[in-house]
Amino acid sequence: MKGHLFSAFMCALLLAGCATPQFENPIGSGESPDPFVVWDGETDYYYLLFTRGKEVRIFRSKTVSGLRDGESRVVYEPKDEDGIVGAIWAPEMHKAPNGKWYVYTSGLIRRGSPWGPKRLFILESKTSDPFDGFVYKGKPAPDLYAIDPTVMTWDDGKQYVCYSEVKPKGEQVLVIREMEDPWTFGSRQAEIAHAELAWELVDQRINEGAFFVRSPSGNRLFCIYSANGCRCDDYALGVLEFTGGDLCDAKNWKKHPSQLLVKGTDAFGPGHASFFTSPDDSELWCAYHAMRASNPDRKAAKRWLNLQRVAFDETGYPVMGEAIGTRPQRTPSDGM
């Protein structure tokens with residue numbers, strides 16, 4: 001009898017050891033608006049950046065559950081000589097073909113309301129390890145009022161940026177633009193999206209927070225974006241698709257009619273997403289912020305880091321549905 005009990009106990013231990021690690025949203029003990037997450041196979045770390053206003057800080061962790069409360073380092077604080085005074089929003093960090101990392105973000109150019117005029121600016125990593133620090137590279141479009149830049153390297157090695165341009169009356173539209181190098185914008189550009197669908201017009205006329213996503217086969221290119229005001233329960237993700245030809249030609253971008261990600265039972269206003277691959281490169285994951293409770297009055301509310309795996313249908317189109325919220329999820333695959 002004792003032998004059977006011992007065997008059962010050992011089996012239970014073995015099963016527990018083989019159990020797939022899980023995590024639950026939201027990630028971490030503090031809010032994380034406008035999150036950007038990336039896995040770097042060279043350093044074997046996940047990195048996280050999000051809006052902190054007064055600084056650009058990079059967090060890193062070996063696990064997704066430890067990202068928000070992991071080791072961190074400030075890589076930029078506003079300097080008078082840079083012409084940035086604060087309200088730094090939605091930093092993203094992308095590796096360029098030259099092997100260095102670049103942070104793309106925006107900041108306020110004069111003191112006052114955080115909603116005042118902002119300019120895009122760029123930081124360059126000192127080495128191939130982003131934790132070694134960054135240097136200020138400048139403003140690629142000194143006269144442009146825009147936010148939420150994201151960058152993609154196309155098949156031919158050329159890079160493109162997509163940002164949300166703020167129009168005089170507050171409308172925000174998505175613009176794609178050719179880049180001459182990782183810190184210099186070219187002249188070729190096109191406005192590829194503005195708020196026009198019924199679900200995009202619940203609160204304000206906003207298209208923002210773009211991010212490029214490829215289908216698993218690589219033959220389809222999407223630009224995932226957010227619409228409505230970020231304090232609205234119906235802030236959600238939409239999908240643009242490149243139909244071929246010139247990336248800087250508006251007619252080559254198609255807006256799909258349905259949302260990609262919408263609010264769930266305990267995750268409201270899911271949006272401003274970034275996308276990252278699992279360590280073994282077999283899965284695509286989405287990092288987005290969401291409010292924990294409904295916010296019908298659209299008051300200032302904390303936005304928390306949420307992660308959710310992206311599926312693709314048989315044609316290579318992304319599928320997400322409702323925000324998962326606090327339901328347990330398996331951690332991204334590491335191939336083990």
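Asp44 comes out partly exposed, at a relative accessible area of 39% (buried is under 20%, exposed is over 50% and partly exposed is in between, with a 1.4 Å probe and protein chains only). The model is a predicted one, where local features need pLDDT of at least 70, side-chain atom pairs count only at pLDDT 80 or more, and totals for chains, interfaces and linings use all residues. Residues are numbered from 1 along each chain as its sequence is written, and side-chain values use heavy atoms, with hydrogens and water left out.

Asp44 is not a glycine, yet its phi is positive, at about 60°. Asp44 sits in the loop between E2 and strand E3 (45-49); strands (E, at least two residues) are DSSP runs, numbered from the N terminus. Arg298, also not a glycine, has a positive phi near 55°. Arg298 belongs to the loop between strand E20 (284-291) and strand E21 (304-312) and is partly exposed, at 34% relative accessibility.

Then there is a cis peptide bond, between Asn25 and Pro26, with omega about -10°. Pro26 falls in the loop between strand E1 (22-23) and strand E2 (36-40).

As for the sheet, 4 strands line up as E10-E11-E12-E13 in an open, antiparallel arrangement; two strands count as paired if DSSP finds at least two bridges between them. Strand E10 (146-153) and strand E13 (184-193) are at the edges with a single partner strand each, so one side of each has no neighbour in the sheet. E10 and strand E11 (residues 159-166) run antiparallel and are joined by 6 bridges, and Ala146 stands opposite Glu165 in E11.
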